[in-house]
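Hi,

I am handing over the model we talked about, and my notes follow it. Have a look when you get a moment!

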Amino acid sequence: LPGRATMYKLKMDGTSEPWASGFRNPNGMGVFGGDLFVTDNEGAWTPTSKLIHVKQGRFYGHRSNPPGIFQTANNNVQSPPVIWTNWESGAGFTAAHSTGRSVGNPILLRQGRYAGQFLIPDFPPDYQQNRIFRVFVENISGELQGVILPFVKGGTTTGPHRIQEMADGSLAIGMIGSNCCWGARSGMGKGFNMMRPNPEAPVPFEVLAIRSRGPGIFE
């Protein structure tokens, strides 16, 4: 179809213009500080899910036929995302601890100890636990690059796919409502869950951030 895999900028007068292309199945968008971010899901030409910092005129990897204008203009060379997830299919330990089977909308936290970091919900198949992962991002030579860190991992959130930070720092988590795959009807759950910060809880013993300190060096 014309315009497949393309993002458009819609103007107030109702006209539009192509903005970027190469998206397979974008499933969540957010504007933070004037910057546009999109999550895209794995599939054809997209080996795993990713978080993209969208910039005008760029091509982000999902090919179309005939090719779009930005795919041609960039000679089929895709711009790197902020992160690639580490999704692996199949059962077993490795797959059970991978991330990014089917990701939802990104949010940039405004408060709390993780302020300035992203949270992204992730809906894996039934043999894995549903999760929300955290992404720390830094500017490397003009490009935002990030690292995936765990945030929530548990089987009680049935298909988390939408997330929103509330004014008091709580998180509203919208769910597909299934403990299995797309379209499954087993274990249907509530429409959303709420997570609330506990100021009396001890500081968690976990990684806050991972920063680049040069080629092959991390802090």
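Of the contacts in the protein chain with a separation of 6 or more, 47% are between residues 24 or more positions apart (contact means heavy atoms within 4.5 Å). Please keep in mind that this is a predicted model, where local features need pLDDT of at least 70, side-chain atom pairs count only at pLDDT 80 or more, and totals for chains, interfaces and linings use all residues. Numbering runs from 1 along each chain as its sequence is written, and side-chain values use heavy atoms, without hydrogens and water.

The protein chain has 2 helices and 13 strands (DSSP runs numbered from the N terminus: H or I of at least four residues, E of at least two). Of its 219 residues, 43% are buried, meaning under 20% relative accessible area with a 1.4 Å probe and protein chains only; exposed is over 50%, and partly exposed is in between.

Now the inside. The largest nonpolar core has 12 residues, including Phe-32, Phe-37, Leu-51 and Phe-118 (a core is a set of buried Ala, Val, Leu, Ile, Met, Phe, Trp, Tyr and Cys residues joined through side-chain atoms within 4.5 Å). At least two of its residues come from β8 (118-122), and at least two from β9 (131-140); β9 gives the largest share, with 3. Another core, of 10 residues, lies apart from it, with Leu-109, Ile-163, Leu-171 and Met-175 among them.

Beyond its neighbours within four places in sequence, Phe-32 touches Phe-37, Pro-106, Ile-107, Leu-108 and Phe-118 by the contact cut-off.

Finally, Met-166 sits in the loop between β11 (160-165) and β12 (171-175); Met-166 counts as partly exposed because its relative accessibility is 33%.

Best wishes
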